[in-house]
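This report looks at a few local features of one protein model, moving from a single side chain to the backbone and then to a pair of helices.

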Amino acid sequence: AKALRAIGSAARGLLEGDQLQYFGMLRPVDTCDGAYAVVDECIGWLRKIAEQPERRWFGAGDSVTVGMITPPGFGVVREELQGMRDLVRGWYDRIWERFNDPAMACYVTGRSRCSKCRRTYSKVWVRRSSLVCFVCEFAQREAAKVSLDAALAAAGGDMDRVGLLECPLGLRCRGKQRGTPPSMCPHDLRCVVCDMWSCYRCGIVHADGEQTQLVVEEDRPDMLFLDFDRTLATTRTGGNPLDPKLSVKPTVEPSLRQAALSFPAGRVHVVTRNSHSYEIKAFLEQHGLSHVEVHSVKQVGATTKADVMRRLLPDGHFAYFCDDSVAEVVDPNLRQLTRERRLVTIFFSRTKVHL
């Protein structure tokens with residue numbers, strides 16, 4: 001690699017006057033130079049994997065924002081990816097200029113209709129999951145900046161005191177409907193529902209079962225709270241997991257089961273609105289999770305899951321809570337625990353949504 005860099009430097013000095021040959025030399029030299037740092041670090045981590053093959057070092061998935069989980073100290077690849085993101089963001093204004101250029105109209109118009117303005121564009125300009133065009137989404141995100149400025153002024157300029165904002169997009173979260181809790185991250189102005197966004201500062205992480213297991217193993221919280229229906233188990237909301245009439249017997253999410261097994265008794269709890277607590281306990285025992293305690297919100301005299309977790313979580317302890325419900329993830333009572341730096345919520349999804 002050092003020899004390659006020396007050759008590249010010499011070639012630049014000799015060929016700088018001939019642009020064609022200069023750029024012809026520049027491309028392969030820079031490509032090899034960039035690849036060297038990545039390959040060199042990967043070799044080092046391959047050695048660590050060979051030394052400890054039983055340890056889970058890396059994880060990858062289809063999540064929009066938590067697609068890669070890496071051990072501490074793994075930096076080069078992440079830095080390269082961040083550099084690519086910064087490059088794309090730098091071109092954002094240029095893209096907007098070209099979009100409004102009349103000369104580019106033939107590349108903008110098409111047969112994909114926006115569900116908000118009802119105009120038609122080529123498919124690249126319309127989000128396929130919500131059928132909202134680039135123009136409408138851009139205008140709505142600009143409106144979110146106004147909401148952030150007002151919230152930041154009310155918080156005295158302290159971003160840590162600014163909670164989730166009302167989402168103007170309403171692509172999945174239905175943010176404009178009355179009674180819908182705020183769901184937009186104030187740090188990145190991305191909706192945790194519409195954009196499937198993860199933000200550790202907001203205390204919300206999108207993950208499937210395997211990613212949840214990796215995050216829990218990496219961060220090692222003091223306690224783990226799990227929702228039951230559609231999260232730890234495949235039961236329907238409020239259903240009895242031992243109901244003999246069920247044609248398809250419920251199962252346990254394997255990765256969440258492994259995550260639960262990594263905690264001792266008294267450190268892992270199921271917090272659910274399902275009232276079949278005794279049946280759930282028996283179901284968990286059948287699947288080797290007899291040490292997991294079960295708490296039904298109504299049966300313990302609580303109103304929200306946050307109330308139950310606050311009772312169970314000792315002062316000075318930190319926990320993860322995994323739930324598949326949007327309403328639970330953005331619940332203001334739960335957000336209070338997050339602002340106290342006592343809880344991170346994992347927004348659980350069995351199947352990732354591609355935006």
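## Local features of the model

Arginine 342 is buried, its relative accessible area being 12%, in a model that is predicted. Its place is in the loop between helix 12 (332-339) and strand 14 (343-348), and a polar atom of the arginine 342 side chain lies 3.4 Å from the backbone oxygen of proline 314. Leaving aside residues up to four places away in sequence, arginine 342 touches Arg310, Leu313, Pro314, Asp315, His317, Phe318, Ala319 and Leu337.

Most residues other than glycine have a negative phi.

| Residue | Phi | Loop |
|---|---|---|
| Leucine 189 | about 55° | between strand 7 (184-185) and strand 8 (190-191) |
| Arginine 341 | about 60° | between helix 12 and strand 14 |

Leucine 189 has a relative accessibility of 11%, and because buried means under 20%, leucine 189 counts as buried.

Turning to helix packing, helix 7 (residues 209-219) and helix 8 (residues 254-261) pack at an angle of about 20°, with 7 Å between their axes. Because angles under 35 degrees count as roughly parallel, helix 7 is roughly parallel to helix 8. The crossing in which helix 7 passes helix 8 is left-handed. Helix 7 contributes Gly209, Glu210, Thr212 and Gln213 to the contact, while helix 8 contributes Ser255, Leu256, Gln258 and Ala259; the residues of this contact divide into two nonpolar, five polar and one charged.

Methods
Residues are numbered from 1 along each chain as its sequence is written. This is a predicted model: local features need pLDDT of at least 70, side-chain atom pairs count only at pLDDT 80 or more; totals for chains, interfaces and linings use all residues. Side-chain values use heavy atoms; hydrogens and water are left out. Helices (H or I, at least four residues) and strands (E, at least two) are DSSP runs, numbered from the N terminus. Buried means under 20% relative accessible area, exposed over 50%, partly exposed in between (1.4 Å probe, protein chains only). A polar contact is a pair of N or O atoms within 3.5 Å; within protein, one must be able to donate a hydrogen and the other to accept it, and residues adjacent in sequence count only if both atoms are side-chain atoms. Contact means heavy atoms within 4.5 Å. Axes are lines fitted to C-alpha atoms, for helices over the stretch in contact, and angles run from 0 to 180 degrees between N-to-C directions. Angles under 35 degrees count as roughly parallel, over 145 as roughly antiparallel, 65 to 115 as roughly perpendicular and the rest as oblique. A crossing is left-handed if the near helix is turned anticlockwise from the far one by less than a right angle, and right-handed if clockwise. Ala, Val, Leu, Ile, Met, Phe, Trp, Tyr, Cys and Pro count as nonpolar, Asp, Glu, Lys and Arg as charged, and the others, Gly among them, as polar.
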